[in-house]
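Visitor: I've got a model open and I'd like to learn how to read it. Can you walk me through it?

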Amino acid sequence: MRKPIIVANWKMNFLRDQADLFLQKLLARLGHNQTVEVGIAAQDLFLPDLIKIADDSPISIVAQNAHWENFGAFTGETSPKALANIGVDYVMLGHFERRELFNETNSTVNLKVRTALNDGLDVIVDVEEMEQVEPVLEGITEEQMKGIIIGFEPTFAIGTGMSASTKGAQDVAKRIRKTVRRLYGAPTAQAIRILYGGSVDRDNLADLIAQPDIDGSLVGRASLDFQTFWELVKIMQRAAVVKK
Ligand code: PGA
């Protein structure tokens, strides 16, 4: 059974106190319920605080990007090794906004995935289309695939309020799993978690997560309001019980 996961992608939002308070409230509500993994992807500046607050809790702290080198003359960049060193759980790589606004390509995303895995970080690697799956995984071993989650986020759906149809999202997730099977074999394909992202909200999450190949969700806009995000977590928790 693949553990469902919901990740709040806060993008470049909130100030420090707001981020801290959000996480404190989330921890208080979640209690010991671990049916669903909950991740918070925050700007680098907030990560040390969030790691401290989430210490000993089931909440995973996620960085939104990292460089492909660990050290060197890369002014303004963040080292994946430094992220691992402070206790970050996952790094998200290849998000559409990184590709669109900061010129990231499949090959830079692939370099980043390799370094992050070598540093001991788990990776949420985002793709917007099927064609990106193979190039971003190039050179990743079957063993390393245990540290990978694939996020499928169609471009038209990100931040637009227009989610992919449930059937469309399931079809792509199924094809991604098939590609993973071709590249790594059935056990890896069976184990890997595939997330859908793009205008996930209260109206569409239950249907999306009920799909056999969708194991979770990446939530942008709807993760910025605590009450809304908490409702999404509860939808995931109910779905997890049914899916078991
Ligand atoms: P959205 O963002 O939920 O606002 O569409 C999703 C994402 O970019 O991960």
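Predicted model: local features only at pLDDT ≥ 70, side-chain atom pairs only at ≥ 80, totals over all residues.

Visitor: Which distance separates an oxygen atom of the ligand from an N or O atom in the side chain of Lys11?

Guide: That one is 2.8 Å for Lys11. The side chain of Glu153 also brings an N or O atom to 2.7 Å from a ligand oxygen. With Gly220 it's a backbone N or O atom, sitting 2.8 Å from an oxygen of the ligand. On its own the ligand exposes 280 Å², and the protein buries 98% of that.

Visitor: Which residues surround the ligand?

Guide: Among them are Asn9, His95, Ile158, Ser199 and Arg221. By type, the shell splits into three nonpolar, six polar and three charged residues.

Visitor: Now the strands. How do strands of a sheet pair?

Guide: They pair through backbone hydrogen bonds, either parallel or antiparallel. Here, eight strands close into a barrel in the order 1-2-3-4-5-6-7-8, with parallel pairing. From one strand to the next, the twist averages 25 degrees. Ala42 has Ala63 in strand 3 as its bridge partner.

Visitor: And which strands does helix 7 lie across?

Guide: Helix 7 (residues 166-184) lies across strand 5, strand 6 and strand 7. Relative to strand 6 (148-152), helix 7 runs at about 145 degrees.

Key. Residues numbered from 1 in each chain as written. Heavy atoms only, no water. Pairing = 2+ DSSP bridges. Helix = DSSP H or I, 4+ residues; strand = E, 2+ residues; numbered from the N terminus. Axes fitted to C-alpha atoms, helices over the stretch in contact; angles between N-to-C directions. Contact = heavy atoms within 4.5 Å. Near = heavy atom within 4 Å. Polar contact = N/O pair within 3.5 Å; in protein donor to acceptor, adjacent residues only side chain to side chain. Areas by Shrake-Rupley, 256 points an atom, 1.4 Å probe, with all protein chains shown as cover. Nonpolar A, V, L, I, M, F, W, Y, C, P; charged D, E, K, R; others polar.
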